[in-house]
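Good morning, and thank you for coming. I ask you to keep the sequence and the structure in view while I go through selected local features.

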Amino acid sequence: MSTVAATRSELLARRSREAVARRGHTLLTQKRAALIAELRRLGLEAGRKRAELERLAAAARRALGQAVAVDGPEAVASAALAAAGTIPAAASARSVAGVRVIELEAGQAARARTERGYALTASTATIDLVAESFEAELDALLELAAAELNLRRLTAEVARTSRQVNALEQVVIPRLAAEQRAIAATLEQRALEDWVRVSRRRVRGVAG
């Protein structure tokens, strides 16, 4: 308070700044609530997708182990090399309480047996099952990727917004309120002293 001038204009300025801080606190609290709601929704969605990915990954590993045992590692490796390819993907964004979250649109990894690149005469049912299983795993992974990215982004933004809310709630607003009380007390003390001086002059004037 030693650097704050105890004037009526400073008191009004502190009141105005506190009102702005309180409005900011309200808006940030609303933003945090919206972010937390989206974070919970994405968390549930990501949890389901993660569980599905783990299930498909386990199935793919079992299929691969069986194919290696039945057809041999060379045949499996040859089919894998022939089936290699790319998957088109495009990312877009939407806003949640001012935070950009990613929407990922990817092509399907799953393909028909005739589209995998290896000769059907050189393939077996066990190799086809491996290809099908890993394609399903890759599709599940692509579905999970954007959700995981958005979870990290929203978690960081919730933490940042919480720090801002706490700073306003615990530091800025209390400090402005304390400064107002101190200025008001000083102004009241000055007004009382002025009243006493005026009263004494009047008394002297009457006595004289």
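**Helices, hairpin and contacts**

I begin with Ala46, which lies in helix α1. Helices here are DSSP runs of H or I with at least four residues, strands are runs of E with at least two, and both are numbered from the N terminus. This is a predicted model, in which local features need pLDDT of at least 70 and side-chain atom pairs count only at pLDDT 80 or more, while totals for chains, interfaces and linings use all residues. Residues are numbered from 1 along each chain as its sequence is written, and side-chain values use heavy atoms, with hydrogens and water left out.

Is Ala46 buried or exposed? Ala46 counts as buried because its relative accessibility is 0%; buried means under 20% relative accessible area, exposed over 50%, and partly exposed in between, with a 1.4 Å probe and protein chains only. Which residues does Ala46 contact, leaving aside its neighbours within four places in sequence? They are Leu144, Ala147 and Leu151, where contact means heavy atoms within 4.5 Å. Along the chain, Ala58 is 12 residues from Ala46, and their C-alpha atoms are separated by 18 Å.

Arg14 counts as buried, because its relative accessibility is 9%. Arg23, with a relative accessible area of 51%, is exposed. The side chain of Arg14 makes a polar contact, at 2.6 Å, with the side chain of Glu10. A polar contact is a pair of N or O atoms within 3.5 Å; within protein, one atom must be able to donate a hydrogen and the other to accept it, and residues adjacent in sequence count only if both atoms are side-chain atoms. Not counting residues up to four places away in sequence, Arg14 touches Val4, Leu176, Glu179, Gln180 and Ile183. For Arg23 I give a separation: Ile127 is 104 residues away in sequence and 63 Å away in space, C-alpha to C-alpha.

I turn now to helix packing. Two packed helices are described by the angle between their axes and the distance between the axes. Helix α1 covers residues 8–71 and helix α2 residues 73–83; they pack at an angle of about 120 degrees, with their axes 6 Å apart. The axes are lines fitted to C-alpha atoms, for helices over the stretch in contact, and angles run from 0 to 180 degrees between N-to-C directions. α1 and α2 are therefore oblique to each other: angles under 35 degrees count as roughly parallel, over 145 as roughly antiparallel, 65 to 115 as roughly perpendicular, and the rest as oblique. On the α1 side, the contact is made by Leu64, Ala67, Val68 and Asp71, and on the α2 side by Pro73, Ala75 and Val76. By class, this contact has six nonpolar residues, no polar ones and one charged residue. Ala, Val, Leu, Ile, Met, Phe, Trp, Tyr, Cys and Pro count as nonpolar, Asp, Glu, Lys and Arg as charged, and the others, Gly among them, as polar.

The strands follow. How many bridges join β1 to β2? Strand β1 (residues 89–96) and strand β2 (residues 99–106) run antiparallel and are joined by eight bridges; two strands pair if DSSP finds at least two bridges between them. Ser92 has Glu103 of β2 as its bridge partner, and Ala89 stands opposite Ala106 in β2. The two strands form a hairpin with two residues between them. In the loop between β1 and β2 we find Ala97, whose phi is near 55 degrees, a positive value in a residue other than glycine. Ala97 is partly exposed, with a relative accessible area of 32%.

Ala93, in strand β1, is also partly exposed, at a relative accessible area of 36%. Not counting residues up to four places away in sequence, Ala93 touches Arg100 and Val101.

Finally, helix α3 spans residues 125–207 and includes Asn150. Asn150 is buried, with a relative accessible area of 4%. Leaving aside neighbours within four places in sequence, Asn150 is in contact with Leu42, Val101 and Ile102. Not counting residues up to four places away in sequence, Glu137 touches Leu53, Leu56, Ala57 and Ala60. Between the C-alpha atoms of Glu137 and Gln180, 43 residues apart along the chain, the separation is 62 Å.
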